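Subject: Structure for you to look at

Hello,

Here is the structure I promised to pass on. Please open it beside this email and follow along.

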Amino acid sequence: KFRTQLDNRLDGPWDSREKIVAFSFDYCYWSVDPEDPKYASQEVVFQDLGTSVLSGAFKGYNICLFAYGQTGSGKTYTMMGTPVSYSIHKLFAIFLEIYNERVRDLLKQSDHKKPYTLRVREHPETGPYVQGLSQHLVTDYKQVVGLLEEGIAKRITAATHIHDASSRSHAIFTIHYTQAILENNLPSEIASKINLVDLAGSERADPSYCKDRITEGANINKSLVTLGIVISTLAQNSQMFSSCQSINSITSEGDSSPMSSHTTGSVSGTRRQAYIPYRDSILTWLLKDSLGGNSKTIMVATISPASSSYNETMSTLRYASNAKNIINKPRVNEDANVKLIRELREEIDRLKTMLISFELVCINFFSTGPIVMLSVVAEAELSVLHLDKYMLNVTSSFFEECPCCV
Ligand SMILES: Nc1ncnc2c1ncn2[C@@H]1O[C@H](COP(=O)(O)OP(=O)(O)OP(=O)(O)O)[C@@H](O)[C@H]1O
């Protein structure tokens, strides 16, 4: 549990009352002074978060790790500076930045006289993607680091009041990881992706900045506001969903019939989920799946211990606290055909068991029945749907002829 103590003397020199605000998070790190015994190094952060990212991706889940926080509070350092070494097989990497609501490829050589932007499109099954983004094959960790460094060097930075080399764009580095496996003697593929998202720092508008800097700041703030709305709407929807789930379980406790829980489910279904404005910014559109869909998502909130950063710190903590209420629906991204074959095989096994139990019950009354049914099982290997049909036919004629049923 994280507990922060904030002094609101900043509100005015006359007010020295102490304010204690408590937030709960999964991990909390102190990394201000390396000499401090509580100091959390990059290795510690990696042990807690990085290893779960890698193992999740290895199991076939989409993973997203994104850093949110005030300018200069350590987002890029946390996201990009982790000194990890792990074995990598064949991966594809892409790296993009969103600057002033336009997407740029950070790994493609471009003619600087002609700044080009890429279009975001949405695939009905795989979701939003950037058209024409370069993909890079990587076979070892060194190459991943090389691409990261190359992209970071191309990112647009500028000096802010707090940070000399502040990132003025949101950056998304994605690793597509495909594993070929043999499951139940069937060749299969598990595809996952790891999204590392380094957001541009939030900062209050300063009228002393030049026009370009103000436009940049306005775009950064606009997309962070949209991200905030998306996160809080997703959190509300998730809470509504879990409260409906608990109402369902209470209602269905008194009635054991499967229909009753189904009916309650449809009642809860009538409670409308709020619309999520993903497409209001490129950032939220591209992170659609990571924020409220098929992804295990970790948010790293970076804050400054300076009392002058009180407002930004509170805003970041509220953001992160809201994000914690979102319930995502991660699933293993396996080959759809292999999944179907596995489910059909399971169904065949289930039906075979049913047939055997029929055989045991009726063997005394209808000696040829089991033979007929076993031949049906052989056919069912070709099509389970047909087996359902055959079963109905066979069992109905079976009972017509069965002496005890006549
Ligand atoms: N835990 C840390 N230990 C040591 N140095 C750090 C740590 N976190 C950040 N820094 C240093 O602080 C400076 C700012 O960090 P960083 O660039 O990561 O901030 P940021 O939040 O990404 O800023 P912006 O949003 O403005 O781009 C960098 O020089 C970085 O090396």
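Where is Glu101 found? Glu101 sits in the loop between strand 4 and strand 5. Helices (H or I, at least four residues) and strands (E, at least two) are DSSP runs, numbered from the N terminus.

Before the rest, two points on how to read the model. Residues are numbered from 1 along each chain as its sequence is written. The model is predicted: local features need pLDDT of at least 70, side-chain atom pairs count only at pLDDT 80 or more, and totals for chains, interfaces and linings use all residues.

Glu101 has a positive phi of about 65 degrees, although it is not a glycine. Asn100 lies in the loop between strand 4 (91–99) and strand 5 (102–105). Asn100 is not a glycine either, yet its phi is positive, at about 50 degrees. Keep the general rule in mind: most residues other than glycine have a negative phi.

Now for burial. A residue is buried if 20 or more other C-beta atoms lie within 10 Å of its own, exposed if 12 or fewer, and partly exposed in between; C-beta atoms are placed from the backbone. Glu101 has 13 other C-beta atoms within 10 Å, so it is partly exposed. Asn100 has 18 other C-beta atoms within 10 Å, so it is partly exposed.

**Around the ligand**

How many residues surround the ligand? There are 16, and the closest are Gly74, Tyr77, Ser166, Ser167 and Gly201. Helix 2 (75–80) and strand 10 (166–167) are the elements that give two or more residues to this shell. Helix 2 gives the largest share, 3 residues. A residue counts as near a molecule if its C-beta atom, placed from the backbone, lies within 6 Å of it.

By type, the shell has 2 nonpolar, 13 polar and 1 charged. Here Ala, Val, Leu, Ile, Met, Phe, Trp, Tyr, Cys and Pro count as nonpolar, Asp, Glu, Lys and Arg as charged, and the others, Gly among them, as polar.

There is a record to compare. An unreviewed UniProt entry lists Gly69, Gln70, Thr71, Gly72, Ser73, Gly74, Lys75 and Thr76 under "binding site". Its positions are given in the numbering used here, feature names are shortened, and annotations may be inferred rather than shown by experiment.

Two of the listed residues deserve a look. Thr71 lies in the loop between strand 3 (63–69) and helix 2. Thr71 is buried because 22 other C-beta atoms lie within 10 Å. Gly74 is found in the loop between strand 3 and helix 2. Gly74 counts as buried, with 20 C-beta neighbours inside 10 Å.

Helix 3 (residues 141–154) has 14 residues. From its first C-alpha to its last it reaches 20 Å, close to the 20 Å expected at 1.5 Å a residue. The expected span is 1.5 Å times one less than the number of residues.

Which residues of helix 3 are buried? They are Leu148, Gly151 and Ile152. Seen down the axis, these buried residues fall within an arc of 100 degrees, so they line one face of helix 3. The arc is that of the directions from the helix axis to the C-beta atoms. On the other side of helix 3, Lys142, Glu149 and Ala153 are exposed.

Ile152 has 20 other C-beta atoms within 10 Å, so it is buried. Ile152 and Phe95 are 57 residues apart in sequence, and 9.2 Å apart in space, C-alpha to C-alpha.

Next, helix 8 (residues 310–323). Its 14 residues should span 20 Å at 1.5 Å a residue, and its end C-alpha atoms are 20 Å apart, which agrees. Its buried residues are Glu312, Thr313, Thr316, Leu317, Tyr319, Ala320 and Ala323. They cover an arc of only 160 degrees around the axis, which puts them on the same side of helix 8.

**A hairpin**

Strand 6 (residues 120–123) and strand 7 (residues 127–130) pair in the antiparallel sense over 4 bridges. Two strands pair if DSSP finds at least two bridges between them. A hairpin of 3 residues joins strand 6 to strand 7. Glu122 stands opposite Pro128 in strand 7.

Best wishes
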